[in-house]
Each structure stands twice: as C-alpha cells, then as structure tokens.
Amino acid sequence: MFSRIVCHLFIILTAVNVLSVNCFHNIRSTGKDRNTGSGDENIRTFVKDYKTVLLNISNKFTSSERQDYEYADKIIRFNAYEMNFTLVLHHDRSVLSPNLIVTMGRSAWSGGRLSAMGLAAVFSGSVMGEKGSYVYGKLNGGTFDGMVQTKNEILYLEPLSKYSSEIVNGSNQICIIYKKADLVDQNPPDQFKLKENCHTVNSTGMQAPWVLNSVRKKRSRTRRAATFSHSCSLHVVVDHLFFVGVGQSSRSQTIAEIMYLVGSADHIFRSTDFNGDGKGDNVGFTVTAISIYPNETVDDYKTANSIDVYDYLNQFSKYNFDDFCLGIAFTFRDFKDGVVGLAWIGNSDVYGPPGGICQTRINLSGKTFNFNTALVTLNNYGSRIPSYRSSLTLAHEFGHSFGSIHDSAADASCSPGNDLGNYIMFPYAADGSSPNNNIFSSCSLSQIYPVIVNKGSCLNAETGPVCGNAIVEAGEECDCGSSGLCTFYGDTCCVPSDVVFEVDRPCNFRRHQGKVCSWKFSPCCRQNCTYIPASDSHKCAEASQCKQESLCDGTSGECPDGFFLLDGIICAGGKKACKAGVCVESICESRDMHTCQCTGVDDHMCMLCCRSGNSTKCQPAHNFGLLGTFGEVLYQDAGATCYNNAGVCDKKHKCMLNNPDDVIKRLGKMFNEENLEDIKTWLANYWYYIVIAVLGIAIFIFIFIITKKKLDNTHVDAYRMGRLLRVTEQANLEKERQKKQLEELDTKYTEKIQKVKEGAVQREFTEAVSRLVNLFPTATTGTIADLCRKCTSEDVAVRLLLVKGYPIKRMVTYDQ
C-alpha cells in the first residue's frame, strides 16, 4: 500500500508541469535522425530499392475473367518485376463497428448517413492466378496503398505523392512498389535505450479481482470459448495536422487511412495466442467512434497547441473515453527525438497504477483524466512514415495499452537482434522486413495475458471464425488445428494455430519454405506441399457424361475443370443434353422445343413429351424422332409429375392420379355384380365363421375392460405419491446443501477481507515466492517475485517459468 501511495503522490505533484513523464507511459523512437529532402531521398530513407508503376484501376473484368471473379468490387492491373499483376479486390469494413459514429466539428454522421462518406476505400482480396495470395490496402483516386503477398514474395505499393511535394503532371497517379526484403533496417542494437517505468511497482503483490477501483464493470468476465472473438472498441481522434498532411483535407481519405492502419494492427493481434492454449485468441479491435478536428479553431480541441509528446498525451487524456476500451490519437506532428508513439501502460494489478485498456476516469489535483489512451504520428524527422511501418507502431502502442513493457536488450530470448529481427515491443520502430517484427515475444505475452484476464471486462465478445478449429474458413488458406493435431495428421504444409514464431501467419501455408498448398486439402498437391506438375498427368476428377476427366495442371493445388463436351450432346439415356459441361438441359429444349405433359391417352401420360414452336399440342418425343440410346421410347423417371401435375408416374410408367373420382371408380370395379354374387354364396356356406368371430371379439372386449379396472387401483396412486415425496425430499436436501455452501463461502470471503486488512495476504505471497524459489533454483528471487505479482495464480507462474526456460528442481526420494 505504501508504494502505491508514494507513486500516486508523485503523479499529483508533477501533474501541473508534465503529468507523470516516466511513471506510466512509454515511448517509441526510431533511433535515427533524418532530414527532409527530395522525394527519392525521402523514399530511400526507408527503402533500398523501388520501382515506379502506373496502375490500371477498373470495375470490370474481361469476358474470360468474369466467370471466376464476379464478386470483385475493384480490379487493379500493373506490371512490375517482369510480371503482370491483376489484383481482385472487394470492400473490407471488418474493423468498423455497425454502430460507428463519425463527428467532424459540429456535424455528426451515423447509420445510413455514413454511406455517403466513402467508407468503401479499404479493400482486401487476392492476386488473380495466385492461389492463397492476399492483398490488403486502400484506394485513393488512381493509386493504391497497401500490401501484396504472393507465394514467393511480399510487395508494398504506395503513392509517390506521399514522399514528394513536387507534383508534376500525372505523378499524382504514380505508385512506388518495393519488396519486403528491400526495407531499410532502422534498428541498430547499439542505439537501444530503456525508460524507467513506475508500472513495475505493485501495491500489494497480490491480485484482488473482486475490487476493481477504476476498472469498468460493464459485464462479468466469461470463460473464453474457441468460437468467440473479443474486440477492443476504439475511439479514434484525428487532429488537424493528420487531417491535412495525411488525409489531404479529405474526410473519406482520412477515414480510409485509419481503417488501413487499425486493420493491419488488428490482423497481428487476432492471430496471437496470448494464453498458450494452442489457438489464436482472436483478440482485436473495432472502430466505434471517429472524431476529426479539421482546423485549430474547433471547439474543445485540447491538443491543438501541444508540441511536446508528453504534453500531447496528457492533454489528450483529458477527453472522456469511459465508454470505450481505448482512445487513440492520430497526428502528423514531428515530435522531438524521433518519437513516433506513446501510450499509458496497462497493469494487471488492479491496485497498481491506472492505465491501459478498460480504464475509467480518475481525479488528480482536481482534474479528471482517462489513461486508456495512446497516440501515433506518421511524421518522423520531416518524412512521411510508410503505412505498413506505421501499423507496426500502432500495434506496438496497443501492446503497451494491453500491459507489455519494452523488450529488454539483456534478454536474448525477447530481443534476439539476429537475422530473425526483434519483436513488436522493441523500443525502436521496426521496419517490418524481419520475421519477428510483426509478432509478440514471450516476454510480452506473459505481461499481456494477465491484463486481459484481470482488466478485460470491456472487451466485446462475438462469435466468428477461429484459426485452430480444423475448419478452413474465410481468410484462411488451411486449418490443421494445433501443433499436436497437425503432427497427428502429418500436415507439414500448414502453419498450426499455436505457432507464433514463423514468417507465415497461422492457418496459412509455409510459403517462406516453398510450401504453397496442402495435400490434406488440395487434390493436386504433393506431400512435399508443392503443386503436382502437368507432366505427371495426374487425374484428380473422373470424366462425366458432359465433361472429360480432369488432370492437374501444375499451377494450383485445386483440381481444374475438365474439357466440356459440346452443348447439345445427348446424355441421361437420351432424355437430356449437355450444357456448359453439365447434363441438365431437356432433350426437347436442345431441339428448340418445349417440354410438356401429355394428356388424353393414358399410355402417353408418363412418356417424355414435347411441344414444337407456338403449337399448343403436346406429343410424345418419339413423334419428333427423339428416341433413347437403344432406340426405345423415352419415359419420364418414376416420381415425375404427369397429367398437368395432377398425378405421379410409377415404376411401370403409369400415371397415378390424385383424384377422388378415380378412387371411386376403382372401388366400383371392385364391387361389381359378379363379385357381389360370389360374396353372397360364401356367406351362405360359411355363416358360422362370422358368428364365431363376433363372439370372440365380444369376449376380448369384456376381458379387457375387467382387467383395466383392476390395474387402475390405489397401488398406482401410491407409487406416484411415493415418487413425488422422494423428489421433494431430494430437492430439500439440495436446498440445504446449497445454503450451507453459501454460508461457507460467505465466511471465507469475510476471512479473506480480514486477512487483507491485517496484511496476512502478503505472507501468502511470500510463502508462494519461497516455494517457487525452492522449485526453480536457477531463477532469481526478483524474477519469481515479479511473475507472482503479475500472474493470477501460483500455477500460472509455474507455467510461465517453464516457458521462459527455467528448469524445475528434480525431487528424489529414497526408500528406507
């Protein structure tokens, strides 16, 4: 308690000058000075090599393309690296909440009014002809800003105008394209520096989840199921510098940039396994509100004149974000020392410093603040930061909000600095060129998960597709489940749901290893995860009546369609004709006639009948020379309707009419005069059989009535009453048991509260640390104590120590 009081007093004393500069929030720096220059100089600050391309953007396909891609909203064609690319895109609004509200000045839009705001500028899709490829980005006029992932390469497209203000004729329609491998490394290990953070100080060292002082209690926490996704609702605030410098004073372009940045960070979070259960936890973000400040004169604009990054975040934190998981500010201000992001750090200890997700307003020195806030700028030393790198910065600040501090340079497992690169929570902004740049380290995961458990009460739970359920769903190339399940099935092509330290995302092919398909899901894929070449003449589908057999063509893992037979070729025994490779068209239709149902002659009712031209006469097909394969008369299949849909054909090609008059005629034929005479003769000769049958039926009825009365006696009533009494007794016993259990829980709760007041809880914490120090002799006492403060139980601390690589002490007993 004393450490918490000291920390809060320090905040109050420094709030007037710079509110808690180092106590709760953390910064991210690029670690490298740059000066403004020409467009080429600005680009080469981030990219070693790039090309310029002119895009051909349209809404229409060619006739040959339309059959497979009718769903697309946009088509982009360009040539680069001696290849022709065709991007097939559709609108992507997955990060926008259905209840989105946009405000700009004194105007507000929501619901149907948002349709006119250009929210359709963000797209996702694929590269035509590239199975398993992925495209994500935004359109702005004649340019595209986003990522293109193929089986062999990851490419980035960006407008040239982002890096050069010297616009010449047509240059505002030109894009630059570069490979992921050409990104410049901005992370020299020798420029690492660590900020001190007060967030490591805990007031009691123990968790008390039932006391949430400043954490919102909108709903009780529920056990996470694999079929649920959890979303952190965002209130995005855009300042006038971002609106002008990035959004180019366009409301729709500003919102598109926000959607792209949040969407990219959302992809990283949702594929991360925070709790170590072998599945991606599907924890991400939805934009619920967007506030745009178009100029400095707008009312209630708190950050208009904030130049210092700390002052900017402190002023921004004065807004009310109680109804949101996080408030995030986007700016284009060039902060001192190359800082590109800043955030308040979340804390899993509810007694600890305020900050991070789901934090409500608190009062400091007579002023109220929301510390569930963060900021990101796209300007660094006068240069525009590439969008993909900015999305990594945003994911980094989100990591702080979820409780992660910077990865320590002293821990090689969390800051390797090797060819795989450093992780998201490295102090300096990553360029995205290394595999580790877009995933969280084990250190970050161990800090984020307790925050989600203890403070994630405001995360919205929704049903949706999940990586790891062994079902290939939207956005997945494959899904073999967890590592154990993938090994059991022998699938080495697909990245398991619990693998986070790979270049490729879970539930996608291991493309960086040259694996482009999965033989478990694709019929034209080898067990080495490559396409079966056309030279193998591998048959993947049998021939049908209207289509030849299908052979793998070596360009995809999917089975291509076989060659179609000519339309009009007879199939189904002569009753139908082929059309577009399917035996579906009636033989009458293929001969420019109409199919009909014959009436009049009973034998014709179940025959296949046609009507020519404008004629009203329906005739059997053989009258037009249409016969079966062996020259037989064509009949309809059993069960087909006949006689103008009034009957059904049976197996003998007879029309069974559903007509009451027809039933009466059948009965009349049964009881004709000849049959009636035979019945009279039989009754005259064998009348005694009738008498015996009637007497037998009467005796049977009499016995049944007597027996029924004997059975319905008091024994049945007694049995029913006995069962009712037993059920009532069991209910009373259960009621007493529940009452006793509630009394015991109430007593334990009172004792627990008393222990907290008397300081006994600290002794429990000390005992737990002592046990773990004895169990893990190679781990320092400080490391174990820090884990115990952050974890929800001693079991969780043991698992995290094992994950970090600390060996457990071997216990040996000897029999005497």
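Which side chain meets Lys-575 in a salt bridge? The partner is Asp-637, and the two side chains approach to 2.6 Å, N to O, where a salt bridge is taken as a side-chain nitrogen of Lys or Arg within 4 Å of a carboxyl oxygen of Asp or Glu. The pair links distant parts of the chain, 62 residues apart, with Lys-575 in the loop between E25 and E26 and Asp-637 in the loop between strand E30 (619-620) and strand E31 (641-642); helices (H or I, at least four residues) and strands (E, at least two) are DSSP runs, numbered from the N terminus. The model is a predicted one, in which local features need pLDDT of at least 70 and side-chain atom pairs count only at pLDDT 80 or more, while totals for chains, interfaces and linings use all residues. Residues are numbered from 1 along each chain as its sequence is written, and side-chain values use heavy atoms, with hydrogens and water left out.

Lys-575 is partly exposed, with a relative accessible area of 26%, given that buried means under 20% relative accessible area, exposed over 50% and partly exposed in between (1.4 Å probe, protein chains only). Ala-572, in the loop between strand E25 (570-571) and strand E26 (576-579), is partly exposed at 30% and has a phi near 55°, a positive value in a residue other than glycine. Most residues other than glycine have a negative phi. Cys-358 likewise has a positive phi, near 60°; Cys-358 lies in the loop between strand E16 (339-344) and strand E17 (362-364) and is buried, with a relative accessible area of 0%.

The structure holds 15 salt bridges. One of them joins Glu-257 to Arg-384, with the closest N and O atoms 3.6 Å apart, and this pair links helix H5 to strand E21 (residues 383-384) across 127 residues. Both ends count as buried, Glu-257 at 2% relative accessibility and Arg-384 at 9%. Asp-603 and Lys-654 form another salt bridge, at 3.3 Å between the closest N and O atoms. Asp-603 lies in the loop between strand E28 (593-596) and strand E29 (609-612), and Lys-654 in the loop between strand E32 (647-649) and strand E33 (655-657), so the pair ties together parts that are 51 residues apart in sequence.

A search of the whole structure finds 25 aromatic pairs, counted for rings of Phe, Tyr and Trp (its six-membered ring) with centres within 6.5 Å, and called stacked if the planes are under 30 degrees apart, edge-to-face if over 60 and tilted for the rest. Phe-269 and Phe-398 form an edge-to-face pair, 6.3 Å centre to centre with 85° between the planes. Phe-269 is buried at 0%, and Phe-398 counts as buried at 1%. The rings of Phe-316 and Phe-321 have centres 5.2 Å apart and planes at 45°, so that pair is tilted, and both residues are buried. One aromatic cluster is formed by Phe-269, Phe-274, Phe-285, Phe-398, Phe-402 and Phe-440.
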